[in-house]
Amino acid sequence: MIPTITAFESSPDRGRGQARDMRVRWALEEVGQPYDVRLVSFAEMKQPAHLALHPFGQIPTYEDGDLALFESGAIVLHLAERHAGLLPDEDNARSRAIAWMFAALSTLEPPIVELGMAMLFERDKSWYAERLPMLRDRVRIRLGELSRRLGGADWLDGAFSAGDLMMVTVLRRLHTSGLLDEYPDIAAYVARGEARPAFRRAFDAQLAVFAAASRS
């Protein structure tokens, strides 16, 4: 059977590939697994049918036979464990790649999302000008630590893995902040991820959804 994922019918990122279905699309493209996409509106995401798949009413979800999953990290890990190409064969390297997946979601993403949300929704607040430098500095701390660990290498731990896939998708959220420009090695790392053919296929597929919605 061909698995089915859900994605925004009308993505708020305007086709920039920052919605979390992008991570799952990229993983599916990397492992060569065909897939279907079911587009859902914001209203449909809060209906019982979708809540049965995702209790928090978000995207993406993943359905394959009698298996239904939610949370992009869990879906990507599931795919990586069942298809060659996203996790190393050697046990220790495999565990390190999974650790980097968790680091991307648990250590890097929270301050990056907090910064992004403030830039989107708090500009008119009295505290915005004072709070923004603090939020940017929190992200800089993590980027500095990541830069030191990357050390000029192409990928986080040897060959490209699911850890890099998750990390690149998280870091892409900083494109409009200007912070990546302060860390050329990380900017180059993100660019390497975005240059992968599987990423381009996934990006083009999700962009096509936005383009079609814009024409309708």
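I take helices (H or I, at least four residues) and strands (E, at least two) as DSSP runs, numbered from the N terminus. The model is predicted, so I read local features only at pLDDT of at least 70 and side-chain atom pairs only at pLDDT 80 or more, while totals for chains, interfaces and linings use all residues. Residues are numbered from 1 along each chain as its sequence is written, and side-chain values use heavy atoms, with hydrogens and water left out.

Entry on α5. I looked up helix α5, residues 128–150, which has 23 residues. From first C-alpha to last it reaches 32 Å, close to the 33 Å expected (1.5 Å times one less than the number of residues). I then listed its buried residues (under 20% relative accessible area, 1.4 Å probe, protein chains only; over 50% is exposed, in between partly exposed). Among them are Tyr128, Arg136, Gly144 and Leu150. The buried residues of α5 pack against α4 (91–121), α6 (162–171) and α7 (184–195); contact is heavy atoms within 4.5 Å. Just after α5, I found Gly151 with a positive phi of about 55°.

Entry on Gln206. I located Gln206 in helix α8, residues 197–215. Gln206 is buried, at a relative accessible area of 9%. Leaving out residues up to four places away in sequence, Gln206 touches Gly15, Arg16, Gly17, Asp21, Met22 and Arg25.

Entry on the strands. I count strands as paired if DSSP finds at least two bridges between them. Strand β1 (4–8) runs antiparallel to β3 (61–64), with two bridges; Ile5 is partnered with Tyr62 of β3. Four bridges join β3 to β4 (67–70), also antiparallel, and Asp64 is partnered with Leu67 of β4. In the β3 and β4 hairpin, with two residues between the strands, Gly65 has a positive phi near 65°.
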